[in-house]
Structures are given as structure tokens and as C-alpha cells.
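This briefing is intended for reading beside the sequence and the structure. Please keep both in view while working through the topics below.

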Amino acid sequence: MRGRACAGAPAAVSAFPSRGGRGPGECRPRVPPRRCWPAAIQSQLDGVRTGLSQLHNALNDVKDIQQSLIDVNKDWRQSINTIENLKDVKDAVVQHSQLAAAVENLKNIFSVPEIVRETHDLIERGELLQAHRKLMDLECSRDDLMYEQYRMDSKNTHDMNLIHTYFGDMQKLSEELAKQLWMVVQRSLVTVRRDPTLLVSVVRIIEREEKIDRRMLDRKKQTGFIPPGRPKKWKEKMFNILERTVSTRIEGTQADTRESDKMWLVRHLEIIRKYVLDDLLVAKTLLDQCFPPHYDIFNRLLNMYHQALATRMQELAAEDLEANEIVSLLSWVLNTYTSAEMMGNSELSPEVDVNSLDALISQNVVDQLLSKYMSTLTSNIIGWLRKALETDKKDWIKETEPEADQDGYYQTTLPAIVFQMFEQNLQVAAQINEDLKTKVLILCLQQMNSFLTRYKDEAQFYKEDHLKNRQYPQCYVQYMIAVINNCQTFKESIISLKRKYLKSDMEDTLSISHANMDATLDIIAKEGCSSLLDEVFMDLEPHLNELMTKKWLMGSNAVGTICVTVEDYFNDFARIKKPYKKTMTLEAHRRVVVEYIRAIMLKRISFKNAEERKEGAERMIKEAEQFRFLFKKLAAGSGEDTEGLCDIIEAIAEVIKLTDPSLLYLEVSTLVSKYPDIRDDHIAALLTVRGDASRDMKQTIIETLDQGPSQPNPNYVPIFKEITVPTLTVPKLLK
């Protein structure tokens, strides 16, 4: 080969031209000196020689590998028959493996009944760890035997069933042990206080079973075989039992029903609150130490309790709850649950973050409950107010006087009952949120507005019934005073209620409603005062009819009787609260003066001479002073001027008393200037009573006064406009 390689050298040389060579058309390089050519050629020849040597070695290696592959192929073809002949050996190996497993578990196989009894006794004695150890040994023996049988003949169900039947009692033991475990789990919060080691044992058993489950599942992936009853999933079952236990504990706290106890829901919710808080505190401080960290037992229990509570609250919300029950439920769900009394308890922190807890019931359900509550509350308030008014009306016809407050003012229980009811509902609403409290306040005041209208009507009916028979009811005056005083109490209570429960920025919302209520209350009080004065003047009527008569002129004591009667009534009217008492006094004063002037304008008497005129005028002045003294006494402490009205009587007396008829025009014009609402018929009637004015004089005075300017006092309160003169008019007098 070397000879051939050498012989071919010239060809090789020609195949690898030197760097100095050039192709066709290339520029011819500078020719090195002739003495360098042998060295360059020698270097190229050495390189070619090395390459040929390496190619020769590679060719030899390829031939060796080719020969080895031929030998391997030959050996493989010869071994096929040998492998087929080893099938019996293979079967023998499998049988040997099965027999080895049988031999290994032979002791357990023969002692299965005995181990079952021992395990059963251990379970009954509560030695759960030892019982589980024996149970695992039995299961291991059965599983190994079944696995070997499966490997030998997976379709041989007869032998599989035989093994399963032989170890049949073992499954009962497993169930019996599981039953004991679940009993401990169900009572875990109690067990952890009394015997935490028992709970730890249960957890260890469950952990063992979890490991076996994982091992069996891994083997199933590899071989397809898994023993009967696997995976047991005892850890999953444990949490399911805990969840059912929590749900049962929440549901089992309802000890009463609405029929047996009106406060059933409040009691139910309070028991839930106490139980849940106690359980979670135990779970955090004790239970958490009995479980491996990866169980995260406290957070799992927290979630279970939250879900159970959410389910229970939704069930309660779906019931036909009464108004107070809706408030109790919402207050508990929205406030109590996250408060320091429950989930916000400092001992549960920081594991429990109330801000991260989901709502127990949805906002939609909350809105539905609030809507139902407001609807029910509206009906209830209307019913309560109607009942309160009916009860108050029954008091009005009693034969005993109404009660008096600490200041001696008559009153009934109506305002206290009404506003106590409002207060209770507002306090309840405040337990939920500010928005509901405001809505309830608005509702209460709206219904109060309607109620006051009914109250006004009932007071009017009360007066009308009394007028049919003034002897009945016996304490009419006292109860009408109580009605008037109630108006002031209502006013004060409304202001107090708004100040206590209404935000300042909501004041404008109720301003119109408040003004309407105040106006209605003033009307009720005013009508009540008017009713009482009507009562007074019905008794005064006989004595008022004596005024300005011959009997009066001859010395009748009618005014004295009037003053005594008014004062006697005002002894009762002293039980009227301010400012209505002051209004009452002023109105009584005005009406007495009006009736006195009306008696003058009725022309019951016409003085015959100056002596009678003087006597009558002096009597009028004296009686005006009596009235002034009376009403000054009645208005004591009020700071009101009570003399102005009586001045009218004295001014009229001066007209009557005047002795010079020529000055009559001046005196009458002075009267008219002071009291500009006096009419022509009033002047005519006054001149008729005087008795000495001719028709021409009356006509002249009236016509002259009509032409004169009128400049009324801006502070003057008209009084003559409500005094009617008899039908005998001025034109008839002038005919």
C-alpha cells in the first residue's frame, strides 16, 4: 500500500497546487529565488503524507466495526430460540416471587383472625395508633398478595376474590376505626381541651393513610393495580366532617321559635356569636398546634364557619321576618359580625382580617330586607298611632282629672307613647346604619304629620259631643287643657328628636314638614283655647245679656259675676302651658271687651237724661277698671299690656258722659281716630244709646266723619269689625 501511495505521489502533488500557482488570466507573481523551491515542495509533501496516513487508519476502523456488527447479528439470531425456551423459567420466577411474598406474609396470613380481634379490642379501648398499626400490617399483607396475583394473572378474578374474602373482616375494622376517628374529629374543639393527644393521634393516622394513598396511586400509574378501598381520602373526609359539624353547630343554636319566644331570633344570633367566637379562639390557641402546618387548620375552619354562617343568614333572610326581626338580622350581619364582639376580637388578630371577609348576605338581599322593613314599619307606625289615639280618647271621657306633670300642667300620655315608639324605632335603625336611621326619622315625622290632622279632627269631635250635653264628659275642661298642652309637648319632642337623630345637613329636607306640623299643632291649640273660651262665655251669656239694660243701670252685679266666673275658669286655665296660656288670657280679655261693646251696640238702653248718661258712663268706667284689674291679675308675669282693650270701653263712656252736645262731634271724631275700624252703624248705635242726639245731628256727624281723613295707628288691632249692629241701619234712623 505504501508503494502505491508513493507511486501516486506525483499525482498528489499535482492535485494540490502551491500558493504560488495561478489560474488562467491571473497576473504572474514575482518568482521566488530558485534556491527556495526544494523546501516549499518538501513541506507540501509532508502534509500530504500525514493526510493519507489518517485516511488509511479510518478505513481500517470502519472495516473492524462492520465485522463486529456481523458477529452481533449472528449471535442475536442464534439467541431467539434460547429466549423462547426460557418462558418456563420466567413463569417460575413469577411463581417464586409470589411464593416469596406468601412466605413473607405467611405469619400474618395465618394470624389474620387473631390480629383482627386484637385490632378490634384496641379500637374499643381507644388505642387508635396501635390499632391502626395492626390494620396497616393486615392491609399490607393483603395488598402484596393481590399485587402478586395481579402480576401473574390480572384476569383471574377468582383468586382475587378469594384473597379479598379472606381479608374481609379487615375492611370492617377499617370502617370501625374510621368511625372512631370521625367521632373525635366531630368533637375536636372539645377533645383538644380535654385530651389533645387523642386528636394528635387521629391526625397522625390520617397522615399515614394519606402517604399510603399516594404510594398506591403511584404504583397504579406504573402497574395499573390498586388495592380495593384505595384511595381512602381520609384527609378529605376529615375536612368534610368538620364542615358538616360546623354547619350542624350553627343550625343547632336555634332553641326557640317565634311562637314560643318573640325574641327567638335575637337569642339565636347571640348564641351563634358566642359559639363561633369561642370555637375560633380554641382553634387558634389549641387546635392549630395539633395539626401539621400545611393543613392550615385555622384558616380552613374560619372559612367553614364563614360559609356556614352565610348559608344560615341567607336561610333566615328568606323567612317571613317581622320588622324587628329584620333589624336584628341586618344589625348582626352588618355590624355585630365584624365587631370586636366577634370576628374583630383582638385575640383573633392578625389571623382574622375583618376587611377581607366576604359579606354574609348580598347587597341585593340587604336592600330587599330594608325595603320590606320600611314597608312593614310604615304599616306598624300607622297602626300604633291609631291605637295610641284611640286609647287617649278613652281617657278624655273619664270622670277623673288627667295627670299633671312636675310643673302642674295637665297632660295625657299620648305624646310620651308616640315619641317613645319613635325613639325605639330610631334606636333600632341606628344599629344598622345612618342611612336607615334618617329614613326612619323621615317616615316617623311624615306619619306624625298625618296623625296630627286626625288628632285635630278628634279634638273637634270631642268639643261637638260636649256641646250636645255640657254635663258630659265631667272633666271636659281639664282634658281639653291636656290636649292643648300636648301640642306644646309634641313641638318640643319633634325638635328633640330631630336634634338627636338628624344630621345638620339634612335639616332643610324636613323644614317644610316641620313647619306644617307646627302650624297644625298651633291650630289644634288655638281651637282648643277657643273651645274653652266658648265654654266660659256660654256660662257668661245670662250675665252678658244684663249689660246695658235697665237692670244693669239700676245696680246689677253682672260684671262682678262675669269677673268671678272668668277667674274661676282661669284657675283651671292656669294648668295650660306657655305660650298658650298667654294667648288664652289675651283672647279672653279681648272677647270680654268685645261682648261688652256688643252689649252697647245692641241698644238695649237709651239714656233719658244727662243724669242717667253720667251714671251709666261712670258705671262703664268702673266696670272697665274691674276688667283691667282682673286681666292684669290673670296675665301676671306675662309682660303683656292688658289695659289697652279696656280703654275702648272708657272712650265710649266718655262719649256717653259728655254733657255739651255741641262737642259731641269732637268726642266722636276722637273715638274714630283711635279706633279706625269703627263703622257708621256703630256711631249711630252709640248716639242712640246716648239718647239726646237728633236725627239731623247723627246724620251731620256721620257725614262729617266720612269726609275726614283717617290715619290708623299701625299697632292697632281691629275690634269693631267683628261687632255686628242689629238690623236697624243708619238710613232707617235718618228717615
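A helix axis is a line fitted to the C-alpha atoms over the stretch in contact, and the angle between two axes runs from 0 to 180 degrees between their N-to-C directions. The model under discussion is a predicted one. The points below treat helix pairs, a cavity and some backbone features.

**Helices α23 and α24**

- Angles over 145 degrees count as roughly antiparallel.
- The crossing of α23 with α24 is right-handed.
- From α23, the residues T585, A588, H589, V592, Y596 and I600 meet M620, E623, F627, F631 and L634 of α24.
- Sorted by class, this contact of α23 with α24 has eight nonpolar, two polar and one charged residues.

**Helices α9 and α11**

- Helix α9 (residues 168-186) and helix α11 (residues 196-223) have axes that come within 10 Å and cross at roughly 130 degrees.
- These two helices, α9 and α11, are therefore oblique to each other.
- The crossing of α9 and α11 is left-handed.
- On the side of α9 the contact is made by L181, W182, V184 and V185, and on the side of α11 by L198, L199, V202, I205 and I206.
- What classes of residue make up the contact of α9 with α11? There are nine nonpolar residues, with no polar and no charged ones.

**Helices α19 and α22**

- The axes of helix α19 (residues 476-501) and α22 come within 10 Å, with a crossing angle of roughly 50 degrees.
- This angle makes α19 oblique to α22.
- V477, Q478 and I481 of α19 make the contact with Y569, D572 and F573 of α22.
- The contact of α19 with α22 divides into four nonpolar residues, one polar residue and one charged residue.

**The cavity**

- How many cavities of 30 Å³ or more does a search of the whole structure find? The search finds one.
- The volume of the largest cavity is about 50 Å³.
- Its lining consists of K456, A459, Q460, K463, M480, I524, E527, G528 and S531.
- At least two residues of this lining come from α18 (434-468), and at least two come from α20 (511-544).
- By class, the lining of the largest cavity has three nonpolar, three polar and three charged residues.

**Backbone features in loops**

- D296 is not a glycine, although its phi is positive, at about 50 degrees.
- D296 is placed in the loop between α13 (264-285) and α14 (297-318).

Technical notes:
Residues numbered from 1 in each chain as written. Predicted model: local features only at pLDDT ≥ 70, side-chain atom pairs only at ≥ 80, totals over all residues. Heavy atoms only, no water. Helix = DSSP H or I, 4+ residues; strand = E, 2+ residues; numbered from the N terminus. Parallel < 35°, antiparallel > 145°, perpendicular 65-115°, else oblique. Left-handed = near helix turned anticlockwise from the far one by under 90°. Contact = heavy atoms within 4.5 Å. Nonpolar A, V, L, I, M, F, W, Y, C, P; charged D, E, K, R; others polar. 1 Å grid on protein atoms, 1.4 Å probe; cavity = no way out; pocket = protein on both sides within 12 Å on 5 of 7 lines; lining within 4 Å. Points joined across faces, edges and corners; volume = space filled by probe spheres on them.
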